[in-house]
Amino acid sequence: MVLTKNYRIHNILTIQINTQNKAKLPELNFPLSYFEVDEDITDPDIILNIGPFKPDLSGSYVVDHKYYIKDNYFHCSDTANGKASWKLEIIGFERPPTIINFHGKIRGIYQLLAPDLLVQDLALLPMIELALGLRGFMLLHAGGISKNKHAEIFVGRAGSRKTTIIMDSIKSGYRVLGDDRVILDLENYTVHSFPIFPKIFEFIVKYSKRENLSLYHKIRLLYLLREETSILPQIWENESVKLRSIFYLIFINKELKNLTINNKDALLLRMISNNIAELYTTVIPSILQRRAFPNYILAYSYIFPENNWIRLYNNILKTKIKQIIKTKRVHIGVVDNIQRAISTL
Amino acid sequence: MVKKSYYSVQNILNFAVIDKTSIINRLMDKFEVHYANFKVEDEPGNLDMIFEIGKFKPKLSNTYNVGDGKYYFGQDYLYVPHEQCKGAKWRFEIEGIEASTTYIRISCNPLGRIFIVGNVIDFLIHFKLTEMGYPMIHASSLCKNNKAILFSTRGGGGKTTIALHLVEHGFGFLGDNFTILHKSTALSFPTSLSIFTYNLAPIIKNNLTQKQKIELQIKHLIYRMTKGYAKFFTKLNPRRVINNMCEKAKIEKMFIIFPRTDVIEPKIIETKKEEILDHLVYNQMLEFPLFNRYIYEYSYFFPDSPLSRHWETYKRRLNENLDNSTKYYKAIVPTRINIYTIEKLLEVINDGAN
């Protein structure tokens with residue numbers, strides 16, 4: 001029995017997930033629900049198959065006893081701290097179309113509630129990032145809000161209170177493009193929404209005053225997710241909007257006065273580092289601790305040093321972001337405390 | 001019971017290790033054995049690094065905090081409060097990354113003693129040596145007639161196996177894990193050999209004590225019982241089994257070795273320096289996966305710092321310290337190194353050698 005989910009990410013990318021698992025909590029199991037469509041997509045850009053599979057390892061370079069690499073192909077058997085183990089195959093690792101085959105086991109409650117979440121976090125999201133990048137879009141790790149058809153985005157590391165700022169801005173009539181990621185059109189300087197786990201964020205906005213949920217709220221959230229009712233879909237900005245400003249969140253430590261923040265090259269490097277550092281960050285830290293995917297990219301680059309992953313981060317994104325930072329059409333600012341961030345809007 | 005020891009790497013990099021922990025914590029210590037060949041009796045004139053192992057209070061006064069306490073970064077400062085891998089737990093701070101003496105404080109549980117060598121101390125040695133113009137590569141090195149031959153591979157590529165077989169063929173031994181490069185010369189970095197049942201070359205097998213043989217079998221059993229989760233290596237000082245040790249030699253040939261499935265006949269192709277540099281850089285990046293993450297996180301706050309620019313610097317240093325007087329080869333070999341592969345390599349090594 002195979003369950004199929006089809007997704008359309010605006011008019012840019014199509015994805016299909018085929019899984020043999022039965023998840024007790026579909027809303028947690030499928031983080032891309034915002035993009036789900038009913039139609040059966042022919043020729044999706046990325047296909048993810050979850051279930052037993054037979055890899056073709058003939059003619060593969062072997063790295064570290066566990067990574068099997070060929071041109072545009074990757075396979076590994078991996079584990080996460082004794083809490084999960086899996087086999088992952090990616091055909092189209094650097095050039096589309098992409099087929100991801102995955103078979104894994106998670107120890108504990110996640111196997112029952114959301115067994116497909118592991119591969120989507122570990123591999124699907126990074127492959128979406130690559131596919132978007134090769135089409136001229138950056139899956140930026142940032143929060144984004146919009147009003148009057150203009151977008152403001154907030155770039156920052158984990159814990160820089162992006163979500164708090166966004167939640168506050170909703171009160172002033174802003175709509176949300178994403179609380180963690182947004183899609184930036186690198187040619188037209190427009191922004192598209194990229195909500196992950198939309199209902200969870202809607203819940204936080206509607207019922208909790210803070211980002212971190214209390215136990216009571218967590219239980220209530222689980223209950224509401226099972227109900228499959230709408231929570232607050234109207235907070236999302238579904239149309240693409242023009243980028244007006246980019247704010248870097250760096251809560252300045254008063255003693256570090258000689259920190260040059262407005263240096264344009266430094267701003268470029270910060271945006272890239274922010275995204276790459278995010279490749280290591282997992283949405284399921286209780287299972288994964290850290291994402292292994294950057295090591296997969298490094299292993300592939302060890303065999304094929306000139307590949308699209310490296311090209312994306314070292315050439316394509318650097319060139320495009322440099323242009324955005326230099327242009328007068330976008331305002332760049334650095335925000336040094338939350339109150340000021342909120343009042344800037 | 002504080003234990004102080006001093007180490008010197010080729011008189012280039014000097015460091016001290018001050019161990020303030022209990023005997024129980026030191027039970028699984030790999031450091032002493034691993035760096036036995038660098039130990040010196042007297043405190044060196046200038047210490048580039050001082051490692052303090054034991055409980056410490058981090059200096060968080062001027063730092064940025066990532067992920068609500070996941071990392072703390074400051075000017076020339078780094079603190080990682082929680083790091084773990086398979087039951088090993090450790091935390092550490094680096095104070096004065098760019099200073100002439102860098103302080104590194106590490107606190108860990110007994111299992112952590114095994115992991116801090118590869119995940120913290122080795123990286124800092126590599127980082128400092130790179131800054132000084134002596135980049136290290138992940139390669140074994142041998143020498144004959146004052147000329148060095150290097151074999152760079154990832155795990156499973158047979159660095160140690162090839163090195164030990166070549167020793168039996170009369171080559172001198174510089175190291176089986178890392179080799180220091182400087183102006184086309186290989187400098188030895190002889191850390192202990194990591195022995196497991198799968199890489200027992202004859203020279204080791206014939207020189208093991210009964211105790212070591214039993215130890216190997218027990219560790220192999222543990223490996224099988226935990227389905228590969230618990231892999232305990234046996235550390236062996238190469239000086240115990242190898243008489244012909246070498247300090248340095250001009251690099252005549254460098255092989256980058258790629259195991260591949262479906263290969264029966266090894267294929268060895270001569271190539272250029274420019275073609276192998278990236279392989280060397282990614283190999284080194286794969287050696288330090290945890291530190292790569294710290295570097296990207298740190299780069300958001302201090303994009304211009306030496307730590308943030310490290311890998312660019314490393315590639316540049318490799319380029320500066322290798323030249324075309326060395327011959328470079330790519331070797332595509334079977335996934336299990338066998339005698340035939342070694343003979344094929346020897347053919348190329350002896351071809352045109354003086």
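Reader: Let's start with strand pairing in chain B. Which residue does Tyr72(B) stand opposite in β7(B)?

Author: Happy to begin there, and please keep in mind that this is a predicted model. Tyr72(B) faces Tyr79(B) across the pair. The strands involved are β6 (residues 71–74) and β7 (residues 77–85) of chain B, which run antiparallel and are joined by three bridges.

Reader: What sits in the loop between β6 and β7 of chain B?

Author: Asp76(B) is found in that loop. Here is the general idea for reading its backbone: most residues other than glycine have a negative phi. Asp76(B) is not a glycine, yet its phi is positive, near 65°.

Reader: In what order do the strands of this chain B sheet run?

Author: The order is β3-β1-β2-β4-β9-β8-β7-β6-β5, nine strands in an open sheet with mixed pairing. In chain B, β3 (39–40) and β5 (64–66) each have a single partner strand, so each of these edge strands has one side without a neighbour in the sheet.

Reader: Which strands of chain B does helix α9 touch?

Author: Helix α9 (residues 289–301) of chain B packs on the sheet against β5, β6, β7 and β8 (88–95). To read its orientation, compare directions: that of α9 makes about 50° with that of β6(B).

Reader: In which sense do β4(A) and β9(A) pair, parallel or antiparallel?

Author: They are parallel, with five bridges between them.

Reader: What should I look for between β8(A) and β9(A)?

Author: They form a hairpin with six residues between the strands, and Gly92(A) in the turn has a positive phi of about 90°. The bond joining Pro96(A) and Pro97(A) is cis, with omega about 0°, and Pro97(A) is found in the loop between β8 and β9 of chain A.

Reader: How many salt bridges are there over all chains?

Author: The idea first: side chains of opposite charge can pair when their charged atoms come close. The count over all chains is 35 salt bridges. One example is Arg244(A) with Glu152(A), where the closest N and O atoms are 3.3 Å apart. Arg244(A) lies in strand β15 (residues 241–249) and Glu152(A) in strand β11 (residues 150–155) of chain A, so this pair ties together parts 92 residues apart in sequence.

Reader: How much area do chain B and chain A bury between them?

Author: The size of an interface is often given as the accessible area lost when the parts come together. Here chain B and chain A bury about 4000 Å², 57% of it on carbon and sulfur atoms. In residue terms, 48 residues of chain B are in contact with 47 residues of chain A.

Reader: Which polar links cross this interface?

Author: Between chain B and chain A there are four salt bridges, including Glu83(B) with Arg290(A), whose closest N and O atoms are 2.7 Å apart. There are also 21 residue pairs in polar contact across the interface.

Reader: Which element of chain B supplies the largest share of the side touching chain A?

Author: That is α9(B), with nine residues. By class, this side of chain B has 20 nonpolar, 16 polar and twelve charged residues.

Terms used: Residues numbered from 1 in each chain as written. Chains lettered and ligands numbered in written order. Predicted model: local features only at pLDDT ≥ 70, side-chain atom pairs only at ≥ 80, totals over all residues. Heavy atoms only, no water. Pairing = 2+ DSSP bridges. Helix = DSSP H or I, 4+ residues; strand = E, 2+ residues; numbered from the N terminus. Contact = heavy atoms within 4.5 Å. Axes fitted to C-alpha atoms, helices over the stretch in contact; angles between N-to-C directions. Buried area = accessible area lost by both parts, 1.4 Å probe. Salt bridge = Lys/Arg side-chain N within 4 Å of Asp/Glu carboxyl O. Polar contact = N/O pair within 3.5 Å; in protein donor to acceptor, adjacent residues only side chain to side chain. Nonpolar A, V, L, I, M, F, W, Y, C, P; charged D, E, K, R; others polar.
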